[in-house]
Amino acid sequence: MHDFRYKKNQLYCEDVIVKKLAKTFGTPLYVYSRKTLLDHYLKLKSAFSQINPLICFSVKANSNLSILKALVSQGAGLDIVSGGELYRALKIGCPAQKIVYASVGKTDKEIAAAISKGIFFFNVESLAELENINRISAKLKKITRAAIRLNPDVEAKTHKYVTTGKITNKFGIDLESAYKILLLRDKFKNLNICGLHIHIGSQITESAPFVAALKKVSDFIQRLKDKGVELQYLNIGGGMGIVYDRETPQTAQIYAGKIIPLLKKTGLKIIMEPGRFIAGNSGILVTKVIYIKHTPKKKFIIVDAGMNDLIRPALYSAHHRILPLAKNLKSEKADVVGPICESGDFLAKERYIAKVKEGEYLAVMGAGAYGFSMSSNYNSRLRAAEVMVAADKISLIRKRESFEDLIRNEKI
Ligand code: LLP
């Protein structure tokens, strides 16, 4: 599953002792295993090899340039949602023809930049956006490819903040409205509306919601065919869940086995946009214990990483395993909390955590996706450093921020 393992009671990332990294680069520190990252991409690629999809890594999950570069150099494309992500994608040399662009709120400037760079296609989320992309394309004298993002109205059985395929969510276009748009697609003179897109949510651990959504999509495609509307592409989004603790999510093989028959039936070229499945287990957040605090009711392990470094526990009550860097079989019930002035600032609550002393280190597992990319400077805290390990090679892929970085754009 990943390349963070104990050898002689020391946690290693591939061939490197994590504690050595903590000492060299300081904490909080994101540590990534390049092998784990690439293995997950390759697992997906091989599970789907019979239909050879374009796998566009979802940049929002982890937007570090070195992470993106590692994946793109293996042939991955990128799924972006902003001008900033487009900038990153181009910066690392991702071919524009391998970039797909979603988001309910693309601005004129973002749309124009993506059109000028010649991205593969836009995933369009409303009629207003479709009209706008058509207008901007006309101005730029271009014909732009677009996929209609469908809202299939399915229950993804995941956290309500990351469910996106219910009709009450802001995402996509309902099937009836999309049908009408597609029948009249020729009226958009500067668009080539040639695909469909779905993304029903994130951290989905079963195949049933994907299958339900794809069944609806495949009936929809048939209805269009009956009217003579032929498409070329189907973008099935991301959303595959990973193991954080006790989940038993489907493997890439199982997922592929369930949906390939439906995908083949469509006859369309498939695009996918996985984020978490590729990056989630490739990274950990290493943090140092500052104080141990006992109150009449509880034990708190106060660490130097806070909700600004990893917001998932605070925002989604997400469970990340927490392991000591030096293996210790004795554990005690505690809350692991950060230094930030909010009670929501916790990494674990009422959990049996290895007995650690002040000055020792803990690793928050499964932090490779939506970890650093969601981090902030709240409480004027400096964002963490990131390192990537490849066998015994160590690369600093993001410097720890400095106080100057913190105020760089401010004026008195
Ligand atoms: N495609 C689209 C259009 C998306 O909106 C997303 C994620 C993905 C692909 C990638 O989904 P994945 O394969 O990673 O599930 N911050 C939350 C997750 C938010 C997901 C947003 N959209 C978390 O930490 O759980």
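## Terms and model

Buried means under 20% relative accessible area, exposed means over 50%, and partly exposed lies in between (1.4 Å probe, protein chains only). By that scale Glu350, at 42% relative accessibility, counts as partly exposed.

This is a predicted model, in which local features need pLDDT of at least 70 and side-chain atom pairs count only at pLDDT 80 or more, while totals for chains, interfaces and linings use all residues. Residues are numbered from 1 along each chain as its sequence is written, and side-chain values use heavy atoms, with hydrogens and water left out.

Glu85 sits in helix H4, residues 83-91 (helices are DSSP runs of H or I with at least four residues, strands are runs of E with at least two, numbered from the N terminus). The residue is buried and has no salt bridge, a term that requires a side-chain nitrogen of Lys or Arg within 4 Å of a carboxyl oxygen of Asp or Glu. The nearest side chain of opposite charge is Lys60, 5.7 Å away; Lys and Arg count as positive, Asp and Glu as negative, and His and the chain ends are not counted.

What does the side chain of Glu85 reach at 2.8 Å? The backbone nitrogen of Val81. A polar atom of the Glu85 side chain also lies 3.3 Å from the backbone nitrogen of Lys60. Leaving aside residues up to four places away in sequence, Glu85 touches Val59, Lys60, Asp79 and Ile80 (contact means heavy atoms within 4.5 Å).

## Lys60 and Asp79

Lys60 does form a salt bridge with Asp79, at 3.5 Å from N to O. The pair links distant parts of the chain, 19 residues apart: Lys60 is in the loop between strand S5 (54-58) and helix H3 (65-72), and Asp79 is in strand S6 (residues 77-80). Lys60 is partly exposed at 31% relative accessibility, whereas Asp79 is buried at 1%.

## Other salt bridges

The whole structure has 19 salt bridges. One of them joins Arg149 and Glu125, with the closest N and O atoms 2.9 Å apart. Arg149 belongs to strand S9 (residues 144-151) and Glu125 to the loop between strand S8 (121-124) and helix H6 (127-139), 24 residues apart. Both Arg149 and Glu125 are buried.

Glu350 and Lys298 meet in a salt bridge at 2.4 Å, N to O. Glu350 lies in strand S18 (residues 346-354) and Lys298 in the loop between strand S14 (283-294) and strand S15 (299-303), so the pair ties together parts 52 residues apart in sequence. Lys298 is partly exposed at 26% relative accessibility. Asp3, Arg5, Lys35 and Asp39 are linked in a network of salt bridges.

Definitions and conventions. Polar contact = N/O pair within 3.5 Å; in protein donor to acceptor, adjacent residues only side chain to side chain.
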